[in-house]
Amino acid sequence: VWSAMTDQPEEVQRRKQLIHQSAERKAIIASHYKRKHPEVYILQDSFLAPEFLEIVSYCTSPDAHLDGLLRYTESFSDKRIYRLPVFTEEFCRAFVEELENFEQSDMPKGRPNSMNNYGVLLNEIGMDENFVTPLREKYLRPITALLYPDLGGACLDSHKAFVVKYALHEDLDLSSHYDNAEVTLNVSLGKDFTEGNLYFGDFRQVLGTFLTWVEHVGTQGLLHRGGQIHGALPIASGERWNLIVWMRASAIRNRLCPMCNQKPELVEAEGFGDGFTETAEDDVPETVDLCSLW
């Protein structure tokens with residue numbers, strides 16, 4: 001039996017309601033939305049940059065090790081932030097066109113997260129099962145196993161994936177924050193824009209004066225620890241779309257919720273929830289739940 005903290009029942013109820021509303025939107029979209037590029041909903045090797053496939057091939061080889069992997073990536077300072085090619089330009093164009101087609105439709109839309117107002121929740125448009133899940137399991141997890149073994153990089157077993165959009169007269173920037181994730185992937189999909197660099201502070205610390213600045217590069221992704229405080233400066237012109245995948249390891253967060261920094265008390269959720277699992281001893285995790293403390 002999973003119970004909520006008695007002093008926060010309203011917040012638990014609010015978040016359960018958000019899950020219910022999301023499921024309703026997903027059902028409507030599945031029934032009525034006409035896709036422009038149906039092919040992008042099923043991940044294919046042809047969507048992925050040849051250099052990315054080479055990295056995955058190396059990481060799945062018997063002799064793979066961290067130093068060898070780092071030769072394929074660009075590292076930033078000592079904050080364990082890494083840039084690597086992910087998608088092809090052709091895929092990014094088709095993906096953004098699909099997102100714009102959905103944005104312009106009359107389908108119901110949910111906010112990507114509590115800080116962004118413009119974008120798309122990928123599970124609601126049907127991209128979780130055949131796109132994001134295999135991307136995480138088959139391609140990203142061999143990489144994160146070497147980069148973030150201390151954060152459960154080898155056992156990232158759930159995710160939340162969304163696309164955020166920055167444009168003039170819409171969302172321009174993103175305040176400093178950290179993610180509800182053990183590891184985050186942030187891929188710049190396009191389009192044409194100026195400024196809007198990312199900045200990173202320290203791990204699990206308030207934003208200080210020693211920041212690491214990182215430019216967005218189209219088709220390329222950044223991997224970083226979810227607990228690394230970061231934000232985005234305002235764009236000066238144009239429009240930018242970014243794919244964000246919050247990857248979670250229940251083996252890590254079941255012991256300590258990364259958001260409230262306490263042992264989680266769980267309430268049942270649909271789908272991946274917040275990436276926690278409720279298991280009896282020696283059981284394989286099957287259900288994924290919400291922490292009721294934050």
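Tutor: Rings of Phe, Tyr and Trp count as a pair if their centres lie within 6.5 Å, and with that idea in hand we can read this model, which is a predicted one.

Student: Which residues do ring pairs link into a cluster?

Tutor: The cluster is made of Phe47, Phe87, Phe91, Phe95 and Phe131, linked by ring pairs, and the structure as a whole holds 12 aromatic pairs.

Student: Where in the chain do Phe95 and Phe131 lie?

Tutor: Phe95 belongs to helix H4 (residues 89–104) and Phe131 to helix H5 (residues 128–147), and the pair links distant parts of the chain, 36 residues apart. Both Phe95 and Phe131 are buried.

Student: Why is the pair of Phe162 and Trp246 called edge-to-face?

Tutor: Look at the angle as well as the distance: the ring centres of Phe162 and Trp246 are 5.2 Å apart and their planes stand at 90°, and therefore the pair is edge-to-face. Because Phe162 is in strand E4 (residues 158–167) while Trp246 is in strand E12 (residues 235–248), the pair ties together parts that are 84 residues apart in sequence.

Student: Are Phe162 and Trp246 buried or exposed?

Tutor: A residue is called buried when its relative accessible area is under 20%. Phe162, with a value of 2%, is buried, and Trp246, at 13% relative accessibility, counts as buried too.

Student: What does Thr212 touch, not counting residues up to four places away in sequence?

Tutor: Thr212, which has its place in strand E9 (residues 212–214), touches Phe76, Ser77, Lys79, Leu198, Tyr199 and Phe200. With Lys79, there is a polar contact of 3.1 Å between the side chains. As for Leu198, this residue is 14 residues from Thr212 in sequence and 8.3 Å from Thr212 in space, taken from C-alpha to C-alpha. Thr212 is also buried, because its relative accessible area is 10%.

Student: How many residues line the second largest pocket, and which lie nearest its centre?

Tutor: To read a pocket, consider its volume and then its lining. The second largest pocket has a volume of about 190 Å³ and is lined by 13 residues, with Leu151, Glu182, Arg204, Ile252 and Pro258 lying nearest its centre. Sorted by class, the lining has 7 nonpolar, 3 polar and 3 charged residues.

Note on methods:
Residues numbered from 1 in each chain as written. Predicted model: local features only at pLDDT ≥ 70, side-chain atom pairs only at ≥ 80, totals over all residues. Heavy atoms only, no water. 1 Å grid on protein atoms, 1.4 Å probe; cavity = no way out; pocket = protein on both sides within 12 Å on 5 of 7 lines; lining within 4 Å. Points joined across faces, edges and corners; volume = space filled by probe spheres on them. Nonpolar A, V, L, I, M, F, W, Y, C, P; charged D, E, K, R; others polar. Helix = DSSP H or I, 4+ residues; strand = E, 2+ residues; numbered from the N terminus. Buried < 20%, exposed > 50% of the residue type's maximum accessible area, 1.4 Å probe, protein only. Contact = heavy atoms within 4.5 Å. Polar contact = N/O pair within 3.5 Å; in protein donor to acceptor, adjacent residues only side chain to side chain. Phe/Tyr/Trp six-rings, centres within 6.5 Å; stacked < 30°, edge-to-face > 60°.
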